[in-house]
Amino acid sequence: MELIDSHLCFGGEQRRYQHHSSVLGCNMTLSVFLPPGFNRDTPVLYWLSGLTCSDENFVQKAGAQRAAAELGLAIVAPDTSPRGEAVANDDGYDLGQGAGFYVNATQAPWAEHYRMDDYVVKELPPLVEALGLGERRGISGHSMGGHGALVLALRNRGFYGSVSAFSPICHPMACPWGKKAFSAYLGDDTANWASYDAATLLGDAKAPWPIRVDVGLSDNFLEEQLLVTSLEDAAKRSGSELALHRQAGYDHSYFFVASFIEAHLRFHAAQLK
């Protein structure tokens, strides 16, 4: 990976890298926060961002570095999709570049580049660990990234040691954002969607770790898009431990994420250490 930016931050280092992804077939950027004195025992939190975001939104808006430095927690924030002139795109903000939905697309023209599942789970960790970090991994995210965090953790239960989410799209098979993205990326057969639906995956089998989810009760997307009660019902069916925090007055923005990111980081540090 090529280091393209670096800043001292709370005694640690906020870096930005660029590399060519063989999985996605394009150049990708990612942001990495390294706490003071990081080493092979340092746990790594993978942060997945939401629609329209890049790798920079979280590191610039969430204010996570202070607590991460204190806790000795590294944070890796990849981009939300493949990008470039040769990469398929759409005029809508909720499909195409900036909207990868963390799936492996099977349909043209998306299948050539849109393989964010494989990128996050298979290609990215070895690159990150080559920086001198170890294999204790947690995963979290916001909105579309909250969907990604839940789904990738539930699809790879032995790979991640902790999982949380802010305002996740919990049941994409049943909401407008999910239906649009899944029909484009995965095809019209809804049977192929279930393996990327957090409520379905959680309802099918008990999660091996506790899950923390925070949602704002003033979130404009809460009722139509997020469907958090579906995740709650799924946890009850499988006997999974889900701590669903409904935060009065908070919306869908990064002001909400910044307000509770420290609690999430402490949750992950406790699980991973």
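Analyst: Two strands pair if DSSP finds at least two bridges between them, while helices (H or I, at least four residues) and strands (E, at least two) are DSSP runs numbered from the N terminus. This is a predicted model, in which local features need pLDDT of at least 70 and side-chain atom pairs count only at pLDDT 80 or more, whereas totals for chains, interfaces and linings use all residues. Residues are numbered from 1 along each chain as its sequence is written, and side-chain values use heavy atoms, with hydrogens and water left out.

User: In which sense do β1 and strand β2 pair, and over how many bridges?

Analyst: Strands of a sheet pair through backbone hydrogen bonds, either parallel or antiparallel. Here β1 and β2 (residues 12-21) are antiparallel, with seven bridges between them, and Cys 9 stands opposite Gly 12 in β2.

User: What is the order of the strands in the open sheet, and which are the edge strands?

Analyst: The nine strands of this open sheet follow the order β1-β2-β3-β5-β4-β6-β7-β8-β9, with mixed pairing. Its edge strands, each of which pairs on one side only, are β1 (2-9) and β9 (242-247). From one strand to the next the twist averages 15 degrees. Helix α4 packs on the sheet, touching β4 (44-48), β6 (137-141), β7 (162-166) and β8 (211-216), and its direction makes about 145 degrees with that of β6; axes are lines fitted to C-alpha atoms, for helices over the stretch in contact, and angles run from 0 to 180 degrees between N-to-C directions.

User: Which residues touch the most other members of the largest nonpolar core?

Analyst: In soluble globular proteins, nonpolar side chains tend to be buried together. A nonpolar core is a set of buried Ala, Val, Leu, Ile, Met, Phe, Trp, Tyr and Cys residues joined through side-chain atoms within 4.5 Å, where buried means under 20% relative accessible area, exposed over 50%, and partly exposed in between (1.4 Å probe, protein chains only). The largest such core has 70 residues, and Phe 101, Ile 139, Tyr 185 and Ile 211 touch the most other members. Helix α4 (residues 144-155) gives the most to this core, with seven residues. Apart from it lies another core, of 25 residues, including Cys 53 and Phe 256.

User: Which residues of helix α5 are buried, and where around the axis do they lie?

Analyst: An α-helix has 3.6 residues a turn, so residues three or four places apart point the same way. In α5 (residues 176-186) the buried residues are Trp 177, Gly 178, Ala 181, Phe 182, Ala 184, Tyr 185 and Leu 186. They cover an arc of only 165 degrees around the axis, which puts them on the same side of α5; the arc is that of the directions from the helix axis to the C-beta atoms. Their cover includes α4 and α7 (222-226), and α5 is followed by Gly 187, whose phi is positive, near 95 degrees.

User: How many salt bridges does the structure hold?

Analyst: Side chains of opposite charge can pair when their charged atoms come close. Counting as a salt bridge a side-chain nitrogen of Lys or Arg within 4 Å of a carboxyl oxygen of Asp or Glu, the structure holds 15. One of them joins Glu 56 and Arg 16 (3.6 Å, N to O); Glu 56 lies in helix α1 (residues 56-61) and Arg 16 in strand β2, so the pair ties together parts that are 40 residues apart in sequence. Glu 262 also forms a salt bridge with Arg 266, the closest N and O atoms being 3.0 Å apart.

Technical notes: Contact = heavy atoms within 4.5 Å.
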